[in-house]
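Please read the following briefing alongside the sequence and the three-dimensional view.

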Amino acid sequence: MAQGMASNRNASAEARKVMVVADPTRESAGALQYALSHAVIDQDELILLHVENPSSWRNTISTFLKMPSLGSSTTATLEFGGGGGAAAAAEGEGVDFLEEMKHICRASQPKMKVRAMIVEMDGKDRATTILSLSKTYGVDVIVIGQKRSISSALLGYKRPVGGSMKGMKAIDTAEYLIQNSSCTCVSVQRKGQNGGYVLNSKTHRNFWLLA
């Protein structure tokens, strides 16, 4: 069940890869909070994935300020794991929010391997890019923040003919990932600082989890 992904696992459990879709938004901050408190344990690997649109990011970089504070309940430190390789360096104003996300990970899960990746859509739509990378890196769980709308909550989205979201309007990336990901995908809505989370997955809809 989505709400007990980490609570039912212990130190002897097999390591998993959990991907959090990272953006400078409150929704993404809530997704990371949920992942750290409910989806990962020490031996897991957490991938922070930010997907850029190369045709628009330079025009909107001024809005990429530090993300809303995630808060922290611990002061533990971390030797940042998994440096190099496919991980992209988070440099420049446009990706400052990734640095804050990494700091939160360091404090919350000192032994966990964390990597931050910045990729461009490269001709694909955002959701298709996320799905492709989740398969490439053998991801077990995708966690994505979601700002719910009536249409996405009631209808959801199915993969269109041809497997691409191009040409579709009002696409909800989280709903698309839930319906089309081969691994578990959980969308997260943070309900205030202490209000818990509303979770959605392929098997659970509008599940309320207390913080």
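Strand β4 (residues 141-145) and strand β5 (residues 184-190) run parallel and are joined by 5 bridges, where strands (E, at least two residues) and helices (H or I, at least four) are DSSP runs numbered from the N terminus, and two strands pair if DSSP finds at least two bridges between them. The model is a predicted one, in which local features need pLDDT of at least 70 and side-chain atom pairs count only at pLDDT 80 or more, while totals for chains, interfaces and linings use all residues. Residues are numbered from 1 along each chain as its sequence is written, and side-chain values use heavy atoms, with hydrogens and water left out.

**The sheet and its helix**

**Thr 173 in helix α6**

- Thr 173 belongs to helix α6 (residues 173-180).
- Because its relative accessibility is 15%, Thr 173 counts as buried; buried means under 20% relative accessible area, exposed over 50%, and partly exposed in between, with a 1.4 Å probe and protein chains only.
- With neighbours within four places in sequence set aside, Thr 173 is in contact with Arg 126, Ala 127, Ile 130 and Ile 144, contact being defined as heavy atoms within 4.5 Å.

**The aromatic pair**

- The structure holds 1 aromatic pair, a term that covers rings of Phe, Tyr and Trp (its six-membered ring) whose centres lie within 6.5 Å, with planes under 30 degrees apart counted as stacked, over 60 as edge-to-face and the rest as tilted.
- The ring centres of Tyr 34 and Tyr 197 are 5.6 Å apart and the ring planes stand at 70°, so this pair is edge-to-face.
- The pair links distant parts of the chain, since Tyr 34 lies in helix α1 (residues 26-39) and Tyr 197 in strand β6 (residues 197-200), 163 residues apart.
- Both Tyr 34 and Tyr 197 are buried.

**Two loop residues**

- Thr 25 lies in the loop between β1 (17-21) and α1, and is partly exposed with a relative accessible area of 29%.
- The C-alpha atoms of Thr 25 and Gln 146 are separated by 10.0 Å, although these residues are 121 apart along the chain.
- Asn 206 is placed in the loop between β6 and β7 (207-209), and with a relative accessible area of 47% Asn 206 is partly exposed.
- Phi of Asn 206 is near 50°, a positive value in a residue other than glycine.
- Most residues other than glycine have a negative phi.

**The chain overall**

- The protein chain comes to 6 helices and 7 strands, which follow the pattern β-α-β-α-α-β-α-β-α-α-β-β-β along the sequence.
- Of the 211 residues in the protein chain, 49% are buried.
- Among contacts with a separation of 6 or more, 74% are between residues 24 or more positions apart.
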